[in-house]
Amino acid sequence: MKSIPISEILLYVFVLVDDWYQEHAGAFRQGKPGQKPEFRDSEVMTIMLAMDFIPFPSERQFVAYVRANYLALFPKLLEQSQFNRRARAIAPLLEEFRQHWLLRLGVTLTCTGLLDTKPVPVVGYRRSKKHSDFQGSADYGYCASKKMCYFGYKLITICTLEGLPLLYDLVPANMDERKAAEALLEKLTGFSLFADKGFLGEDWHNGIYQRTSNRIWTPKRKNQSKQQSKAFERWLNSLRLRIEGLFNEIQNVGKNLERLLAKTVVGLCSRIVAKMTSHLLKYIFRSQFGIDVLTFSKVHA
């Protein structure tokens, strides 16, 4: 495998982002007061996405790393506070960029997917929430798979079987998983979605199918009167292992979802958007350019 320098990865990201920006988001700043910024929106988006390829504990540390090592690529790089404000304002463009590539890759034509949730803690469980920006939005919850009590949100995601997130949302940690999934399921039609036992409920499954034509498939508990064939249960359990593997990659590759270190709701949302978009970008690099950004190497000619 041929090694690729980080500077080349940054250039690849910038070209992809800037080409899209010029074609689809060039009017983003039209009508906005003030002088056109010297540090372009495409450059802000590039750094936000690359942050998940070269994980640092905080955004501040990553921007300092870029300033120390790649200032030639970003000569007008903003001070940290200015970059932070621009990144929060530009985050919706990252989601538009992600949707553009999902459509371009034909991912939106799929009809099967994986449904699951992951915990996103934001403040220490015992720490006072009185002055936190998350007070009134986040809540206390429990993650059964990790046996973890936490204060924060659930990230609910519908992915393709290849692990590309189609839809996602943040909901308070105490919200029922099935209730949390309904808003996403209303945006799909005719899907078969495979999930864990947190999404059990025959009446709920039937209601979802009647409203959206989406079918939810989950393993059965042993005490349920209606059982599925053992072969089908084994197949569902094999899919469950795939779900865990995919969500483990989303959570732990790059910046860990449980340690995003955001101080505000807007800041957290922008980091979630950047993480989900960079996850798709990793797939684009591998499938379109033969580049593995996890090892910074060419995987094929």
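Lys147 lies in the loop that joins strand 3 (139–143) to strand 4 (148–159). The model is a predicted one. Lys147 is not a glycine, yet its phi is positive, at about 50°. The residue is exposed, with a relative accessible area of 67%.

A positive phi is also found at Phe296, again about 50° and again without a glycine. Phe296 sits in the loop between strand 8 (291–292) and strand 9 (297–298). Its relative accessible area is 16%. Phe296 counts as buried because this value falls under the 20% cut-off. Lys147, by contrast, is exposed because its 67% is over the 50% cut-off.

Helix 6 spans residues 202–212. Its buried residues are Trp204, His205, Gly207, Ile208 and Thr212. These residues cover an arc of only 165° around the axis, and therefore lie on the same side of helix 6. Asp203 and Gln210 are on the other side of the helix, where they are exposed.

What do the buried residues of helix 6 pack against? Their partners are helix 5 (177–185) and strand 7 (215–217).

After helix 6 comes Ser213. The phi of Ser213 is positive, near 65°.

Definitions and conventions:
Residues are numbered from 1 along each chain as its sequence is written. This is a predicted model: local features need pLDDT of at least 70, side-chain atom pairs count only at pLDDT 80 or more; totals for chains, interfaces and linings use all residues. Side-chain values use heavy atoms; hydrogens and water are left out. Helices (H or I, at least four residues) and strands (E, at least two) are DSSP runs, numbered from the N terminus. Buried means under 20% relative accessible area, exposed over 50%, partly exposed in between (1.4 Å probe, protein chains only). The arc is that of the directions from the helix axis to the C-beta atoms. Contact means heavy atoms within 4.5 Å.
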